[in-house]
Amino acid sequence: MGQPRSIVILTGAGISAESGIDTFRSAGGLWEQHRVEDVATPEGFARNPNLVLNFYDMRRAALANVAPNPAHEALARLERAFAGELLLVTQNVDDLHERGGSARVLHMHGELKSALCTACEMRSPWHGSMIDRPPCPVCRAPMLRPDVVWFGEMPYEMGRIYRALESCDLFVSIGTSGAVYPAAGFVQEARAAGARCLELNLERSEGSRFFHETRLGPASVLVPEWVEEVLSRAAE
Ligand code: APR
């Protein structure tokens with residue numbers, strides 16, 4: 001493949017695993033520790049808001065104990081040095097891409113460090129807890145919820161993502177199991193548009209058959225290697 005002009009990167013929980021953040025579907029992962037229906041659905045929130053607010057308060061507070069790894073840092077290097085179009089889409093709600101140096105990150109599933117007001121629907125940066133029902137920074141109503149996209153809800157910026165998938169010539173998926181749509185369908189969208197599709201993952205994912213190439217291994221090794229390849233080819 002010649003030098004890519006336009007790249008779309010999709011990351012999942014696997015890119016943050018080596019930073020000490022549990023993935024969802026691994027043995028002992030988040031979805032073994034908690035019932036999805038209880039902590040990741042609007043119905044669960046309506047049923048037991050304290051359980052849900054506490055779950056995300058804990059995950060938000062735990063961000064202080066983790067740091068970006070070489071995979072996050074390599075993608076920030078690519079963002080700074082790549083002359084073509086680059087869109088970094090993450091399913092992750094942690095802030096490790098930004099702390100790794102990426103300036104332009106599209107969080108399609110929301111962010112732990114953001115609050116969504118169910119009264120005025122405004123999103124506000126949020127670093128503390130929500131369990132004591134603090135007022136919304138915009139409308140002052142005590143109606144905040146975690147700004148995380150739950151099952152059954154529409155992810156953010158889907159139009160922008162699909163436009164980028166239709167025009168990219170390289171799609172790269174990093175650290176995701178391909179178990180959750182619409183993200184799991186991005187490879188087929190990109191492939192249908194003629195893009196080359198590369199997967200970097202610890203193990204084969206549910207969507208591996210759609211990729212032209214799958215490289216197996218830890219993100220902290222595979223991602224810096226791949227970024228070096230792209231940047232050294234650009235320098236030729
Ligand atoms: N390096 C690379 N890949 C890894 C690593 C690692 N160090 N550790 C784990 N992985 C891979 C696993 O092999 C698995 O395929 O990361 C993937 C993690 O899969 P999931 O736990 O299913 O997480 P993800 O794909 O991000 O989940 C998608 O599901 O629960 C919802 O909204 C949540 O955004 C999440 C979505």
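Author: Contact means heavy atoms within 4.5 Å. This is a predicted model, where local features need pLDDT of at least 70, side-chain atom pairs count only at pLDDT 80 or more, and totals for chains, interfaces and linings use all residues. Residues are numbered from 1 along each chain as its sequence is written, and side-chain values use heavy atoms, without hydrogens and water.

Reader: Which residues does aspartate 95 touch, not counting residues up to four places away in sequence?

Author: Let's start with its place: aspartate 95 lies in the loop between β2 (85-90) and α7 (96-99), helices (H or I, at least four residues) and strands (E, at least two) being DSSP runs numbered from the N terminus. Leaving out residues up to four places away in sequence, the partners of aspartate 95 are Leu63 and Lys113.

Reader: Is aspartate 95 buried or exposed?

Author: Its relative accessible area is 11%. Buried means under 20%, exposed over 50% and partly exposed in between (1.4 Å probe, protein chains only), so aspartate 95 is buried.

Reader: Which residue in β6 stands opposite leucine 116?

Author: Strand β4 (residues 110-117) and β6 run antiparallel, joined by four bridges. Five of the five residues of β6 (residues 144-148) are buried, so this strand is largely enclosed by the rest of the structure. Opposite leucine 116 stands arginine 145.

Reader: How far apart are the axes of helices α6 and α10?

Author: Among the residues of α6 that meet α10 are Ala74 and Leu78, with Val223 and Val227 included on the α10 side. Helix α6 (residues 70-81) packs against helix α10 (residues 219-235) at about 15°; angles run from 0 to 180 degrees between N-to-C directions, and axes are lines fitted to C-alpha atoms over the stretch in contact. The separation of the two axes is 7 Å.

Definitions and conventions: Pairing = 2+ DSSP bridges.
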